[in-house]
Amino acid sequence: MIAISGAGSTIAQRLMILIDKPHFCFDMEDNVPLGADRFVFTAGLLHGEKIHHMTDEVIADTFRVNCWRVMEACCKILEA
């Protein structure tokens with residue numbers, strides 16, 4: 001099974017059409033399917049601003065979604 005994060009993203013939606021293997025879309029906050037054979041992380045947050053124009057809150061949100069959640073999911077996968 002292929003586990004895909006970010007089911008609402010265009011990348012995930014197109015990928016689900018292309019793959020002929022069983023797949024499962026997951027939300028990294030709730031449920032990382034630890035029994036999957038492969039993982040594709042497509043969730044991301046882009047604000048369209050250069051970092052020096054971002055507020056501290058926007059920087060923290062971007063880091064949380066694009067880095068921290070992926071790192072947490074990877075830790076869960078590796079610990080399983």
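In this predicted model, R64 and D61 form a salt bridge whose closest N and O atoms are 2.8 Å apart. The count for the structure comes to one salt bridge. The chain itself contains two helices and three strands, arranged along the sequence in the pattern β-α-β-β-α.

**The salt bridge**

- Side chains of opposite charge can pair when their charged atoms come close.
- R64 and D61 are three residues apart in helix α2, and are therefore separated by about one helical turn.
- An α-helix has 3.6 residues a turn, so residues three or four places apart point the same way.

**Helix α2**

- Helix α2 covers residues 56-79, which is 24 residues.
- At 1.5 Å a residue, this helix should span 34 Å, and the 32 Å between its end C-alpha atoms agrees with that expectation.
- The helix has a kink of about 40°, and the kink is centred on R64; R64 is also the residue that forms the salt bridge with D61.
- The buried residues of α2 are V58, T62, V65, R69, V70 and A73.
- These buried residues of the helix pack against strand β3, which consists of residues 38-41.

**The aromatic rings**

- A pair of aromatic rings is described by the distance of the centres and the angle of the planes.
- A search of the whole structure finds two aromatic pairs.
- F26 belongs to strand β2 (residues 23-26) and F41 to strand β3, so the pair ties together parts that are 15 residues apart in sequence.
- F26 is buried, with a relative accessible area of 4%, whereas F41 is partly exposed, with a relative accessible area of 28%.
- In the other pair, F39 and F41 have ring centres 6.4 Å apart and planes at 10°, so the pair is stacked; the angle is under 30 degrees, as that class requires.
- F39 counts as partly exposed, at 22% relative accessibility.

**The chain as a whole**

- The C-alpha trace spans about 40 × 30 × 15 Å along its principal axes.
- The chain has 80 residues, of which 26% count as buried.
- Its accessible surface comes to about 5700 Å², and carbon and sulfur atoms account for 59% of that area.
- Among contacts between residues at least 6 apart in sequence, 43% join residues that are at least 24 apart.

Definitions and conventions
Residues are numbered from 1 along each chain as its sequence is written. This is a predicted model: local features need pLDDT of at least 70, side-chain atom pairs count only at pLDDT 80 or more; totals for chains, interfaces and linings use all residues. Side-chain values use heavy atoms; hydrogens and water are left out. Helices (H or I, at least four residues) and strands (E, at least two) are DSSP runs, numbered from the N terminus. The expected span of a helix is 1.5 Å times one less than its number of residues. The bend at a residue is the angle between axes fitted to the seven residues ending there and the seven starting there. Buried means under 20% relative accessible area, exposed over 50%, partly exposed in between (1.4 Å probe, protein chains only). Contact means heavy atoms within 4.5 Å. Rings of Phe, Tyr and Trp (its six-membered ring) pair if their centres lie within 6.5 Å; planes under 30 degrees apart count as stacked, over 60 as edge-to-face and the rest as tilted. Accessible areas come from the Shrake-Rupley method with a 1.4 Å probe; for residues, only the protein chains shown count as cover. A salt bridge is a side-chain nitrogen of Lys or Arg within 4 Å of a carboxyl oxygen of Asp or Glu.
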